[in-house]
Number of protein chains: 2
Amino acid sequence: MEESGKTHILIADDHQMVIDGIKSMLSDREELIVVAEATNGQMALDILAADPDRFNLLLTDISMPLLSGTDLCKKVKMQFPHVQVLVLSMYNNVPAVKEAIAAEADGYILKNSGKKELLHALHRISNGGTYYSQDILPIIYGQYQKQKEQDEELSQLSLREKEILALILKEFTSEEIAEKLFISKKTVDNHRQNLFVKCNCRSTVGLVKYAIKYGIG
Amino acid sequence: MEESGKTHILIADDHQMVIDGIKSMLSDREELIVVAEATNGQMALDILAADPDRFNLLLTDISMPLLSGTDLCKKVKMQFPHVQVLVLSMYNNVPAVKEAIAAEADGYILKNSGKKELLHALHRISNGGTYYSQDILPIIYGQYQKQKEQDEELSQLSLREKEILALILKEFTSEEIAEKLFISKKTVDNHRQNLFVKCNCRSTVGLVKYAIKYGIG
DNA sequence: AGCTTAATAGGTATATATACCTACAACAAC
DNA sequence: GTTGTTGTAGGTATATATACCTATTAAGCT
């Protein structure tokens with residue numbers, strides 16, 4: 001960054017075509033220089049570690065082999081805080097966006113954004129700002145709700161109930177579960193009964209479906 | 001196609017960035033002319049239908065709103081057989097590739113291919129050839145095996161057994177299932193017993209997990 | 001202090017599932 | 001024609017789950 005006006009970029013994306021596409025798009029922008037590229041997160045980190053001062057912006061995909069984009073982002077922000085990070089994601093799901101935010105990314109845009117938005121994001125971020133695609137906001141909300149509903153569904157179960165449900169899923173009988181937990185079989189049966197009500201079903205079959213649907217097992 | 005040597009391309013991809021990237025990559029190739037672009041399958045079809053002779057090659061993504069790439073390919077091959085189709089996919093799963101082949105696509109490459117492979121594929125296809133990315137072959141095989149194993153797993157069950165398993169999954173008791181199928185409860189119980197052996201489990205819990213795992217339900 | 005919930009446990013039934021057993025008719029395969 | 005599978009059905013037990021009920025203890029909340 002000897003020259004203040006120029007942004008030196010490292011691109012990380014496991015799709016070579018995306019890398020080539022971005023390079024082509026930036027080829028006519030003198031202030032945006034693609035210095036290096038990597039096809040996985042670990043490679044990007046190695047390139048950065050070798051000479052951190054060569055870069056001041058990391059443009060990274062999320063889903064990459066060896067080291068994900070968010071994990072890469074975390075490491076970069078910890079080890080090389082002078083490097084700004086723009087996450088470029090194919091997916092508009094909540095966990096991804098939340099993780100990116102948690103990883104202190106400076107921006108997040110979707111791959112269905114055009115060249116214009118990419119340039120806009122790059123300029124804003126290289127000037128120390130942030131840029132989060134407007135597209136993801138409603139999507140975040142929608143997905144967030146969905147995830148939240150799942151969590152809420154599970155959170156209505158007590159710890160013990162979840163524990164017992166997990167053991168039911170492993171094909172243990174009430175008696176076996178009782179032995180494992182050092183409690184009475186009657187207690188296990190009572191928990192089963194309560195689970196029926198909470199899971200809105202009438203037999204163990206329903207419990208198993210519930211457990212699988214909401215991610216126990 | 002008044003000029004024999006030139007390829008007139010229609011790009012269809014719901015990710016504007018991919019479109020822009022491809023256009024940039026092809027911008028220095030005089031023989032490869034991007035005539036139009038579409039961000040969904042229906043739009044691509046409309047553009048083609050408006051003036052089919054403007055194009056001789058369709059470069060399309062698979063997953064697109066309104067009309068998928070494979071469905072688009074089928075329609076194009078039926079209505080405008082002079083248009084060659086190159087499918088450009090983000091995903092390397094079997095169903096996608098199989099569908100593309102069934103849709104008579106002339107080529108299939110992954111987005112993690114580079115500029116070089118894209119140009120190679122475009123040239124081969126525009127000369128009347130085909131191009132299937134080498135990358136997908138082992139992937140197809142691997143996924144195909146997986147799918148095959150699932151099918152084989154399920155095919156060990158007789159029709160009646162699958163039928164009963166499906167009803168068990170709906171939380172019906174043996175008695176209720178017997179009523180529905182106009183058979184004896186004992187018969188249903190016998191089927192259950194046989195299912196335990198075939199599904200390698202010891203209770204209905206195992207049957208439910210098996211059914212969900214192998215796609216009944 | 002009073003209220004709620006979770007977790008515990010027991011009683012008493014009934015319902016349902018599971019484990020073996022035999023048996024037979026239809027059908028396909030060798 | 002014999003063999004094997006599927007689908008059917010019954011007998012006889014036992015094991016397990018399910019449906020109600022009450023009740024105590026500990027913990028947390030207002």
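Modeller: Happy to! Helices are DSSP runs of H or I with at least four residues, and strands are E runs of at least two, numbered from the N terminus. This is a predicted model, in which local features need pLDDT of at least 70 and side-chain atom pairs count only at pLDDT 80 or more, while totals for chains, interfaces and linings use all residues. Residues are numbered from 1 along each chain as its sequence is written, with chains lettered from A and ligands numbered from 1 in the order in which they are written.

Let's start at DNA strand D. With five residues, α9(A) gives the most. In total, 21 residues surround DNA strand D, the closest being A:Ser174, B:Ser158, B:Arg160, B:Ile183 and B:Ser184; a residue is near if its C-beta atom, placed from the backbone, lies within 6 Å.

Now for the chains themselves. Chain B and chain A each put 29 residues into their contact, where C-beta atoms, placed from the backbone, lie within 7 Å. On the chain B side, α1 (16-26), α5 (115-126), α7 and α10 (204-213) each supply at least two residues, and the largest share, eight residues, comes from α1(B). Because 100% of the interface residues of chain B are also interface residues in chain A, the copies meet through the same surface.

Note on methods: Contact = placed C-beta atoms within 7 Å.
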